[in-house]
Amino acid sequence: MYVLVVEDERNLADAICQILKNEGIKTDVTYDGMTALTLAKSGMYDAIVLDIMLPGMDGIEVVKSVRRSGVATPVLMLTARTSTSDKVTGLDAGADDYMTKPFEVEELLARLRALTRRTGDVLLEEATFGDLKLDLTTHDLSCGERSVHLSGKEFEVMRMLMSSNARVVSKQDLLTRVWGGGADASENSVEAYVSFLRKKMNHLHSVVQITTLRMLGYRLEVLE
């Protein structure tokens, strides 16, 4: 599971991330609404834990914008607001669940498990695009009867591209999400791994291609 934690109280945000990491859950964290919106729209997360009171853009506007963009990632609102009207507002805006602070760790984990078990828009074990299937457990990429195994970074790049649902993913986003923005990361690294993936997709005889958009980034497209 891959969870985005959005909370402006840094100590609490970091504590939530540690709780999730202790359960083997991969996390990203941000402390403001605008950054949260950009990350959430990537569609790469299995769930989002979202506070309401945020700098830049509040959580209600974040979830509204995410839903308008067509991203169906489950959203759990975690906030100090306890009134029924606040809960109704959050759920009507597009949140899937609502918890109030302070919270019990076991309840938070249980609610996240429940959200990510739902069927339909969220696929926990497999991502698909065109005739390609990406096994999120084994890291195997398949097309029909053919399959290839992806390395760690190949898998992360392909997962981001598939999760973007044909939207453009910038090189900077790939560097940040896959390489962590470290000193050893460069655009050449992104280009190299995109090339590796193209060769493997060609081996699979897939109708899907990775298209380069000059000065913008990459996206998946299905060849006619």
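E7, D51 and K101 are joined in a network of salt bridges, a salt bridge being a side-chain nitrogen of Lys or Arg within 4 Å of a carboxyl oxygen of Asp or Glu. The model is predicted, so local features need pLDDT of at least 70 and side-chain atom pairs count only at pLDDT 80 or more, while totals for chains, interfaces and linings use all residues. Residues are numbered from 1 along each chain as its sequence is written, and side-chain values use heavy atoms, with hydrogens and water left out.

Across the whole structure, 12 salt bridges are found. Three of these pairs are tabulated.

| Pair | Closest N to O separation |
|---|---|
| R159 and D46 | 3.3 Å |
| E221 and R219 | 2.9 Å |

R159 and D46 are both buried (under 20% relative accessible area; exposed is over 50%, partly exposed in between, with a 1.4 Å probe and protein chains only). K64 and E61 lie three residues apart in helix 3 (residues 59-68), about one turn of the helix; helices (H or I, at least four residues) and strands (E, at least two) are DSSP runs numbered from the N terminus. K64 is partly exposed because its relative accessibility is 33%.

No disulfide (a pair of cysteine sulfur atoms within 2.5 Å) is found in the whole structure. C17 counts as buried because its relative accessibility is 6%, and C143 counts as buried at 11%.
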